[in-house]
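Here is a short note for a colleague who is opening this structure for the first time. Please read the points with the model on screen.

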Amino acid sequence: MLKLIEIRKAYPHNRGIVQVSLTINAEQLYLFVGENGSGKSTTIKLISRVIFHKRKEGNLQNTFKRIIYLPDKRSYPKLLKVKTYLEYYLGKNNSIETWLERYDLPNKTIGSLSKGMLQKLGILQTILNDGDLYLLDEPTDGLDVHSIRLFKEDIHKLLEKKKTIIISTHNKTLYKDLKPRIYTFKEGIAYEKK
C-alpha cells in the first residue's frame, strides 16, 4: 500500500499548488488523468522524490519494496547502443533481443533514435525490471498504434503477476478494458472516480 497524506508542491510566481491525498492499494492499475498542468505528473515526481530521496514534502506511507519509475523526460548516454544500455541495467539476458524485435526497436546508438524509439527504450527498461510498484509518466507519448497495443498487452501481463501500476495519461479510455481505478486531477487536487 502507498498512502499519500497532503503531499505538497508549491510552484514559484503563484503558478499553483499541488496538494494530494490518496491511497494506492496493491495489485491494481491506477490512472492519473487530467489536463496539462493539473498535477498528475508532479504527483508522480513527488512520490518518487519522497520514496527515493527521503524528501519531506508531506506524509507518505509505503509498503512497496521495489519501485520502478519511468519519468516523462529522461536522458540517455547517446553513444551507447540500445542492447548494451539495456544489458547494463537489466543484466545480460538473451531475451533482450526478443524484446527489441517485439517492439521493433533497432540496436542503434541511442543518440540516433527518434522520440518514439526513445519511448520504446524507456518502456523496455521499465517493464523488464521486476518491481512491486511501477510509476509510469505518460508512457505512450510518441508511440505508434502498434506499440501502444504491445504496451497494453505487457501492462496486462504485469497485472496478472499481481503488480501495482500508476500511469499518468490524457487518454483514460485506452486502458478501460484493464479496469483501472481513476484519479482525476484538477488544479493540483486529485478526485477519485467512483
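Is Phe185 buried or exposed? Phe185 has a relative accessible area of 3%, and the cut-off for buried is under 20%, so Phe185 is buried. Keep in mind throughout that this is a predicted model.

1. **The β3–β8 pairing.** Strand β3 covers residues 29–33 and strand β8 covers residues 181–186. The two run parallel and are joined by four bridges. Val33 has Thr184 of β8 standing opposite. As background, strands of a sheet pair through backbone hydrogen bonds, either parallel or antiparallel.

2. **Aromatic pairs.** There are seven aromatic pairs in the structure. Take Phe32 and Phe185: the ring centres are 5.0 Å apart and the planes stand at 55°, so this pair is tilted. Phe32 sits in strand β3 and Phe185 in strand β8, so the pair links distant parts of the chain, 153 residues apart. Phe32 is buried, with a relative accessible area of 0%. Phe32 and Phe185 also belong to one aromatic cluster with Tyr30 and Tyr183.

3. **An edge-to-face pair.** Now look at Tyr88 and Tyr89. They form an aromatic pair that is edge-to-face, with 5.1 Å centre to centre and 85° between the planes. Tyr88 is exposed, at a relative accessible area of 66%. Tyr89 is partly exposed, at 45%.

4. **A lysine without a salt bridge.** Lys40 is placed in helix α1 (residues 40–53). What is the nearest side chain of opposite charge to Lys40? That side chain is Glu138, 4.1 Å away. A salt bridge needs the atoms within 4 Å. Lys40 is buried yet has no salt bridge. Beyond residues up to four places away in sequence, Lys40 touches Phe32, Val33, Gly34, Glu35, Glu138, Ser168, Thr169, His170 and Phe185.

5. **Salt bridges.** The structure holds twelve of them. One joins Glu87 to Lys83, with the closest N and O atoms 3.9 Å apart. These two residues are four apart in helix α2, which means they are separated by about one helical turn.

6. **A helix-to-helix bridge.** Glu153 and Arg102 meet through their side chains in a salt bridge of 3.1 Å, N to O. Glu153 is in helix α5, whereas Arg102 is in helix α3 (residues 95–102). The pair links distant parts of the chain, 51 residues apart. Glu153 is partly exposed at 29% relative accessibility. Arg102 is partly exposed as well, with a relative accessible area of 25%.

7. **A loop-to-loop bridge.** Lys163 and Asp130 form a salt bridge of 2.8 Å, N to O, between their side chains. Lys163 lies in the loop between α5 and β7, and Asp130 in the loop between α4 and β6. They are 33 residues apart in the chain. Lys163 counts as buried at 11% relative accessibility, whereas Asp130 counts as exposed at 53%. Elsewhere, salt bridges that share partners join Arg102, Arg149, Glu153, Asp154 and Lys157 into one network.

8. **Two loop residues.** Where is Leu80? Leu80 lies in the loop between β5 (67–70) and α2 (82–90). At 32% relative accessibility, Leu80 is partly exposed. Leaving aside neighbours within four places in sequence, Leu80 is in contact with Tyr85, Lys108, Thr109 and Ile110. Its C-alpha atom is separated by 9.6 Å from that of Asn107, which is 27 residues apart along the chain. Asp144 belongs to the loop between β6 and α5. Asp144 counts as partly exposed, at 38% relative accessibility. Asp144 and Leu105 are 12 Å apart, C-alpha to C-alpha, and 39 residues apart in sequence.

Notes
Residues numbered from 1 in each chain as written. Predicted model: local features only at pLDDT ≥ 70, side-chain atom pairs only at ≥ 80, totals over all residues. Heavy atoms only, no water. Buried < 20%, exposed > 50% of the residue type's maximum accessible area, 1.4 Å probe, protein only. Contact = heavy atoms within 4.5 Å. Pairing = 2+ DSSP bridges. Lys, Arg positive; Asp, Glu negative; His and termini not counted. Phe/Tyr/Trp six-rings, centres within 6.5 Å; stacked < 30°, edge-to-face > 60°.
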